[in-house]
Amino acid sequence: MSFFRILSARAREDELMDDFSMGGEELSEALKHLRRLNKIFAAPGPTRAGVEKLWRAIGSPDKLTILDVGAGSGDVNQKLLQWAEQKGILLKITLVDLTEEACEEARRLFRNEPRIKVRRVDVMELPEGSADIVTGSQFIHHFEGKQLVDMVSHMLRASRYGVVINDIHRHPVSYAAVWITTRIISRNRYIRHDGPLSVAKGFTGRDWRDLKQQLNHDTMTYEWKPLFRYSVVIPSIRTLSQSNGL
């Protein structure tokens, strides 16, 4: 992955993690190293901010279920568990991923956490209303065009109250920072290849506006968050009715 790259449009190359014929120990190692990157770049923050925004919109209930799709090892959810404890919320989270390596890492990471359940399942197979809130962290940038719209639409159907997306801002500074950091912290080829490519496949404000128009969802919001991420909240019709007192 070259240090110099034009970022005017989203990259279309597949990430190594998109190839499900690969995997094994190298992928398991990459998931561990990805947790280090998430800590360095404050990855959990946009998810927590989006979930809290949606939680307040539905009346700040004392019970909440979350389904995190494409969760990897699910480490960003550790901050959500801490947030729930502070707010006195009975929180249950289901982590969903398509690879056994990710599910194994998630089970290991949360082996002593009864509020977390791990499932290996295709996101598109999730039934309607599977959880109060469906989240996706660094997941949506894997899709483009109609596939992107279909995926977000299915996430909305799988939620009762809405969707929270946490994904990367495509920007030269974030690209350079991730390119350099991945080479400092890891020799794993998944990390060195997919880390910078994830930024190149990431979003700008214009991309979110286009998605909002394609979804025909006027109440979708997106906010830039440190470090070079977006917190996107898409309320369901049920949430809009509830927040309007209907």
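Where is the place of Phe228? Phe228 sits in the loop between E6 and E7, where helices (H or I, at least four residues) and strands (E, at least two) are DSSP runs numbered from the N terminus. The structure is a predicted model, in which local features need pLDDT of at least 70 and side-chain atom pairs count only at pLDDT 80 or more, while totals for chains, interfaces and linings use all residues. Residues are numbered from 1 along each chain as its sequence is written, and side-chain values use heavy atoms, with hydrogens and water left out.

Most residues other than glycine have a negative phi, and most peptide bonds are trans. Phe228, although not a glycine, has a positive phi of about 60°. Phe228 is partly exposed, at a relative accessible area of 21%; here buried means under 20% relative accessible area, exposed over 50%, and partly exposed in between (1.4 Å probe, protein chains only). Leu227 also lies in the loop between strand E6 (221-225) and strand E7 (229-235), and the peptide bond from Pro226 to Leu227 is cis, with omega near -10°. Elsewhere, Ser60 has a positive phi of about 50° without being a glycine. Ser60 belongs to the loop between helix H2 (44-57) and strand E1 (63-69) and is partly exposed, with a relative accessible area of 33%.

Next come two helix pairs. Two packed helices are described by the angle between their axes and the distance between the axes. Axes are lines fitted to C-alpha atoms, for helices over the stretch in contact, and angles run from 0 to 180 degrees between N-to-C directions. Helix H5 (residues 145-158) packs with helix H8 (residues 205-215) at an angle of about 65°, the axes being 10 Å apart. H5 is therefore roughly perpendicular to H8, given that angles under 35 degrees count as roughly parallel, over 145 as roughly antiparallel, 65 to 115 as roughly perpendicular and the rest as oblique. The contact (heavy atoms within 4.5 Å) involves Leu148, Val149, Val152 and Ser153 of H5 together with Leu211, Gln214 and Leu215 of H8.

For H1 and helix H7 (residues 189-200), the axes come within 8 Å and cross at roughly 55°, so the two helices are oblique to each other. On the H1 side, Glu26, Leu27, Ala30, His33, Leu34 and Leu37 meet Arg189, Tyr190 and Ile191 of H7.

Arg35 is in helix H1 (residues 25-40) and is buried, with a relative accessible area of 13%. A polar contact of 3.2 Å links the side chains of Arg35 and Ser73; such a contact is a pair of N or O atoms within 3.5 Å and, within protein, one must be able to donate a hydrogen and the other to accept it, with residues adjacent in sequence counting only if both atoms are side-chain atoms. Once neighbours within four places in sequence are set aside, Arg35 is in contact with Ser73, Asp75, Glu105, Arg108 and Leu109.

Finally, Trp83 in helix H3 (residues 77-87) is buried, with a relative accessible area of 3%. Not counting residues up to four places away in sequence, Trp83 touches Arg48, Val51, Glu52, Trp55, Leu64 and Ile89. The C-alpha atoms of Trp83 and Arg48 are separated by 7.7 Å, with the two residues 35 apart along the chain.
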